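Hello,

As promised, I am handing over the structure we talked about. Please have a look at it below, and then read on for what I found.

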Amino acid sequence: MLAILDYKAGNQTSVQRALNKLGIPNVITSSPDVLANATGIIFPGVGAAGQAMDELTSGGLDELLKDLVAQKKPLLGICVGCQILLDYSEENDTKALSVIPGECRLFNPSWVDYEGTPIRVPHMGWNQIELKQDCILFKDIDPNAYFYFVHSYYPAPEEKFIIGETTYGRPFCSLHGREGLWAVQFHPEKSGTPGLKLLSNFYEYCKEASDA
Amino acid sequence: MLSKRVIPCLDVRNGILTKGVKFKDNVDIGDPVATAKMYYEQGADEIVFYDITASSEGRGIFLDVVERVASEIFIPFSVGGGINSVEDMRAVLLAGAEKVSVNSGAVKNPDIISQGAAAFGSQCIVLGMDVKRVPKSELIPSGFEIVINGGRKFMGIDALDWAKTCEALGAGEICLNSIDADGTKDGYDLELTKLISESVTVPVIASGGAGHPQHMVDAVTEGRASAALIASIVHYGEYTLPQLKEYMASKGVKTRSTW
């Protein structure tokens, strides 16, 4: 069973619909026991980093998440859930979870895209991932596949944690973490077949990790 | 690199598709859920639904449609029509839409944009603008005026000012519909599209007038739009979505080519 972390800043229901489509057992929860017993955790998120951190800390979920990561519980952060795994976000000047070293920065609208015009902020739409490290989440996914992004801030983790990059004006990190702890800036739950495959790969990893 | 989006638009009344859509094979006539699923499978980058239902009873049916769509398609979709309050926004977002499009509701009460952005984030607040060409004047210096009620009511608001105002209020995207071009199949209003696209930093979706795939190419190149909204060009079976995308790619436009 995958646990989808329930806090007000999340888009839990979109993630749940995708998991339901895949036939993956899941529950939306903020219960420490349920989270601790889940085979893996999905940490979703939309909206602003400051608000997301406020919701997490007010419910004590920040410490719980850190504990679970320390216990090697598999975790997948999505969008804002990916950003606030870092130390800090420029959005709302937010001190974040410090699970992965790095920070989250605002796109610079003076960056120029491939058409020679300034990039638009937010980065909204379909873009590709260039893997810098092998990643089991991308097993059997076309390297040219597109994923859906919508964000104004981008993760900038310490280099060794960068797994995949996407180009928007310049390359930025769109997938970071390490084995068992992944953070994706895009929305796999809204990225069609490749996104569903990524979620399915995460679940397969979680099952194997819990059997091991 | 970010691809240009192709977005079919579906008008729904009392839970049923309006504007006859030419369906293929197993798709039930007039079912918005089956049609959305068909377009999803054919590579639509996003889908827009407009609820043109007047009654509150019809509204409930529409929300049910939104929920069923959300369980079947795994790409973003937005919902517009009849959005007049933050509560209206909440209802469609809870039903599973990614984005909510506010049009005349924003003209009547611009604060709905900032309230919606504060509650749900700018990324899900789309400003829908219906625009008509008028002579340039002191009131309408750009020569493009905001209209509502399908173009019947002129609001005395300059479209360029309005786009900038709503961007500042927190709209995360603009769906720019030319009432003059709508239904003509002669192409998007490129002058309008370019004017607005170059004046805001949020993405702009060109709407109204697509009759040939070259029009879509023009909208995202000359018009500088991030996306092209389409309706009859694909509903009536003249082109399929893959054909439209292949054409755009053949003209050098970056499109999402695998899905």
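Helices and strands here are DSSP runs, with at least four residues (H or I) for a helix and at least two (E) for a strand, numbered from the N terminus. Counted that way, chain B holds 10 helices and 11 strands.

Please keep in mind that this is a predicted model. Its scores are ipTM 0.93 and pTM 0.95. For chain B the mean pLDDT is 92, with 95% of the residues at 70 or more.

Now to the overall form of chain B. Its C-alpha trace spans about 55 × 45 × 35 Å along the principal axes. The radius of gyration of chain B is 17 Å, which agrees with the value near 18 Å that a compact globule of 259 residues would have. Of those 259 residues in chain B, 56% are buried. As for the contacts in chain B between residues at least 6 apart in sequence, 64% of them join residues at least 24 apart.

One residue in chain A may also interest you. A:Asn37 belongs to helix α2 of chain A, which covers residues 32–37. Is A:Asn37 buried or exposed? A:Asn37 counts as exposed because it has 12 C-beta neighbours inside 10 Å, and the cut-off for exposed is 12 or fewer. From C-alpha to C-alpha, A:Asn37 is 21 Å from A:Thr13 in space, and the two are 24 residues apart in sequence.

Notes:
Residues are numbered from 1 along each chain as its sequence is written. Chains are lettered from A and ligands numbered from 1 in the order in which they are written. This is a predicted model: local features need pLDDT of at least 70, side-chain atom pairs count only at pLDDT 80 or more; totals for chains, interfaces and linings use all residues. pLDDT is the predictor's confidence in each residue, from 0 to 100. The radius of gyration is taken over C-alpha atoms; the globule rule is 2.2 Å times the number of residues to the power 0.38. A residue is buried if 20 or more other C-beta atoms lie within 10 Å of its own, exposed if 12 or fewer, and partly exposed in between; C-beta atoms are placed from the backbone. Two residues are in contact if their C-beta atoms, placed from the backbone, lie within 7 Å.
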